[in-house]
Amino acid sequence: SVNTELRPHQVEAFRWQLDAWAAGLPGILNADEQGLGKTLQTLSFMAWLSSQMVKGILPALPFLIVAPTSLLRNWEDEVETHLAPDIWGEPVRLYGSGLKSWRSPGARGRDIQDGRSKLDLSALAEGDSPRLIITTYQTLANYAVTFAETRFSVAVFDEIQNLKNPVTLRSNAAKAVNADLRIGLTGTPVENATRDIWAVMDQLFPGALGSLSDFRISFDTPKRGNMQELHRAVFSSNHGFPALSRRRTKKEAAPDLPPKVRVLHPRLMPEVQALRYDEARKPGQSFFGLL
């Protein structure tokens with residue numbers, strides 16, 4: 001059901017995901033550098049799971065993709081490009097106007113308003129073939145109860161660094177998603193501080209890196225020794241189980257691929273924006289005071 005021939009490094013990633021699923025790991029992180037095909041690697045694994053569902057070996061549970069709004073169409077394009085036609089039928093677009101047809105009878109508003117599910121996704125678990133659900137991080141937060149009460153085969157969190165703040169509503173909603181396997185995708189697993197990787201891994205495998213307080217004591221200040229220890233904990237197999245994460249660069253995995261090309265288009269700020277920017281830079285000036 002995969003029309004695109006996988007490159008060797010993508011086959012390795014497929015096998016790693018399959019091994020993690022077979023071992024019963026709750027979640028894994030694909031942190032390959034941009035351009036190595038994290039989306040295709042993940043879709044290939046999901047396609048394999050689908051084949052087992054169609055054969056009746058596994059229950060036909062839906063797949064969930066959570067992504068920034070700007071990447072929603074990209075996921076649909078990747079499915080159309082790489083997978084057999086209609087492998088999952090028409091995607092279930094749980095965002096914007098697409099929510100209307102999935103509302104429970106008489107339900108209004110969002111789950112977060114009173115803690116009750118406002119969407120009825122029970123029909124997605126019926127039949128012999130799985131369905132693909134695509135939603136945004138904001139929709140996930142707004143309808144957290146619905147997503148927590150629906151069982152998914154796999155939940156994919158694209159650009160999972162969006163969940164690096166563990167106390168936000170969207171992070172709590174994502175953590176409550178009921179999925180047999182959780183897959184995080186990001187080319188930047190650490191953006192600002194080492195605790196970013198703790199927050200990401202805690203979404204996928206709670207407790208794998210200990211408590212946040214203990215993690216900060218050990219790893220907040222990067223040193224050669226503790227960074228090697230952290231690298232082993234995240235990227236090496238442990239007690240025979242697959243590694244929690246994989247991180248490969250183009251140079252390592254596919255040196256024949258062309259390097260990333262950045263084309264810069266400098267633009268002057270509009271006058272109003274430049275004025276607000278200068279005001280915000282003044283010492284003691286609160287940004288929120290400008291709004």
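Visitor: What covers the buried residues of α8?

Guide: This is a predicted model, and in it the cover over the buried residues of α8 includes the strands β1 (27-30), β5 (151-158) and β6. The helices α7 (169-175), α9 (212-219) and α10 (224-235) are also included in that cover.

Visitor: How many of the residues of α8 are buried?

Guide: Of its 10 residues, 9 are buried, so α8 is largely enclosed by the rest of the structure. The buried ones are D196, I197, W198, A199, V200, M201, D202, Q203 and L204.

Visitor: Which residues of the largest nonpolar core touch the most other members?

Guide: That core has 38 residues, and those touching the most other members are L29, L64, L94, L140, F147, F157 and V177. Helix α8 (residues 195-204) supplies the largest share of this core, with 6 residues.

Visitor: And which residues are in the second core?

Guide: The second core is separate and has 29 residues, among them A60, L83, I87 and L181.

Visitor: Let us go back to L94. What does L94 touch?

Guide: Not counting residues up to four places away in sequence, L94 touches L99, W102, L121, I133, I134, T135, T136, T139 and F147.

Visitor: Where is T135, and is it buried or exposed?

Guide: T135 is found in strand β4 (residues 132-136). The residue is buried, because its relative accessible area is 0%, and under 20% counts as buried. Apart from residues up to four places away in sequence, T135 touches L64, I65, V66, A67, L72, L94, Y95, L140 and F147.

Visitor: A change of topic: what volume does the largest pocket have?

Guide: Its volume is about 400 Å³. The pocket is lined by 16 residues, of which Q34, G35, K38, E159 and G187 are the closest to its centre.

Visitor: How many of the lining residues are nonpolar, polar or charged?

Guide: The lining has 9 polar, 5 charged and 2 nonpolar residues.

Visitor: What is the phi of E159?

Guide: Phi of E159 is near 50 degrees, which is a positive value in a residue other than glycine. Most residues other than glycine have a negative phi. E159 has its place in the loop between β5 and α7. With a relative accessible area of 26%, E159 is partly exposed.

Visitor: What about H239: what is its phi, and where is it found?

Guide: Phi of H239 is near 55 degrees, again a positive value in a residue other than glycine. H239 is found in the loop between α10 and β7 (245-246). At a relative accessible area of 75%, H239 is exposed.

Visitor: Which residues does T186 touch?

Guide: Leaving out residues up to four places away in sequence, T186 touches L29, N30, A31, D32, K38, E159, I160 and Q161. The side chains of T186 and Q161 are joined by a polar contact of 2.6 Å. T186 is found in the loop between β6 (178-185) and α8, and T186 is buried, with a relative accessible area of 1%.

Visitor: Then K175. Where is its place, and what is it in contact with?

Guide: K175 has its place in helix α7. Leaving aside neighbours within four places in sequence, K175 is in contact with R182, D202, Q203 and P206. A polar contact of 2.4 Å joins the side chains of K175 and D202, and D202 is one of the buried residues of α8. K175 itself counts as partly exposed, at 38% relative accessibility.

Visitor: How many residues apart are K175 and Q17 in sequence?

Guide: They are 158 residues apart in sequence, and 20 Å apart in space, C-alpha to C-alpha.

Visitor: One more: what does the side chain of R131 reach?

Guide: The R131 side chain reaches the backbone oxygen of E90 at 3.1 Å. R131 lies in the loop between α4 (111-114) and β4, and counts as partly exposed at 28% relative accessibility. Not counting residues up to four places away in sequence, R131 touches P62, F63, W88, E90, V92 and L124.

Conventions
Residues are numbered from 1 along each chain as its sequence is written. This is a predicted model: local features need pLDDT of at least 70, side-chain atom pairs count only at pLDDT 80 or more; totals for chains, interfaces and linings use all residues. Side-chain values use heavy atoms; hydrogens and water are left out. A nonpolar core is a set of buried Ala, Val, Leu, Ile, Met, Phe, Trp, Tyr and Cys residues joined through side-chain atoms within 4.5 Å. Buried means under 20% relative accessible area, exposed over 50%, partly exposed in between (1.4 Å probe, protein chains only). Helices (H or I, at least four residues) and strands (E, at least two) are DSSP runs, numbered from the N terminus. Contact means heavy atoms within 4.5 Å. On a 1 Å grid over the protein atoms alone, a cavity is a set of points where a 1.4 Å probe fits but cannot get out, and a pocket is an open set with protein on both sides within 12 Å along at least five of seven lines; lining residues have an atom within 4 Å of a point. Grid points are joined across faces, edges and corners, and a volume is the space filled by probe spheres set on the points. Ala, Val, Leu, Ile, Met, Phe, Trp, Tyr, Cys and Pro count as nonpolar, Asp, Glu, Lys and Arg as charged, and the others, Gly among them, as polar. A polar contact is a pair of N or O atoms within 3.5 Å; within protein, one must be able to donate a hydrogen and the other to accept it, and residues adjacent in sequence count only if both atoms are side-chain atoms.
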